[in-house]
Amino acid sequence: MLVALDHVQLAAPAGSEPQLRAYYEGVLGMTEIPKPPVLAARGGCWFAAAGGAVQVHVGVEVDFRPARKAHPGLRVSGIDAFAARVAAYGGAVVWDDHLPGHRRFYSEDPVGNRLEFLEPVE
């Protein structure tokens with residue numbers, strides 16, 4: 001029986017960790033969490049929010065290609081302010097109103113991975 005989603009894994013090219021940290025920490029407000037030493041040697045970074053309940057792991061992929069369709073859906077509160085933060089960083093904010101009961105937009109991380117940000121409509 002599934003009980004929770006532990007994390008989402010995205011890929012990135014080698015050497016992109018500084019850009020990823022600036023975005024996931026500085027723009028999205030996540031906190032970098034330590035990788036186990038054997039995994040840290042492979043590169044990449046792990047991030048968490050909401051007391052660790054939301055985790056995004058970004059690993060180095062040799063033949064990296066950004067995910068253009070596949071994406072994590074990240075629930076936010078205060079979506080307008082969140083979209084403004086992403087836009088102030090220089091990220092694209094593409095609104096989509098095709099999911100009933102939600103406001104949402106799409107953007108990309110610094111290496112081109114697609115991200116969805118959504119907030120339920122009350």
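Good morning. In helix α3, the residues Ile79, Phe82, Ala83 and Val86 are buried, where buried means under 20% relative accessible area, exposed over 50% and partly exposed in between, with a 1.4 Å probe and protein chains only. Seen down the axis of α3, these buried residues fall within an arc of 100 degrees, so they line one face of the helix; the arc is that of the directions from the helix axis to the C-beta atoms. An α-helix has 3.6 residues a turn, so residues three or four places apart point the same way. On the other side of α3, Ala81 and Ala88 are exposed.

This is a predicted model, in which local features need pLDDT of at least 70, side-chain atom pairs count only at pLDDT 80 or more, and totals for chains, interfaces and linings use all residues. Residues are numbered from 1 along each chain as its sequence is written, and side-chain values use heavy atoms, without hydrogens and water. Helices (H or I, at least four residues) and strands (E, at least two) are DSSP runs, numbered from the N terminus.

What do the buried residues of α3 pack against? Their partners are α1 (17-27), β6, β7 and β8, with contact meaning heavy atoms within 4.5 Å.

I turn to the sheet. Four strands form an open sheet in the order β5-β8-β7-β6, with mixed pairing; two strands pair if DSSP finds at least two bridges between them. β5 (73-75) and β6 (94-96) stand at the edges, each with a single partner strand, so one side of each is left without a neighbour in the sheet. Strands β7 (residues 102-108) and β8 (residues 114-120) run antiparallel and are joined by seven bridges.
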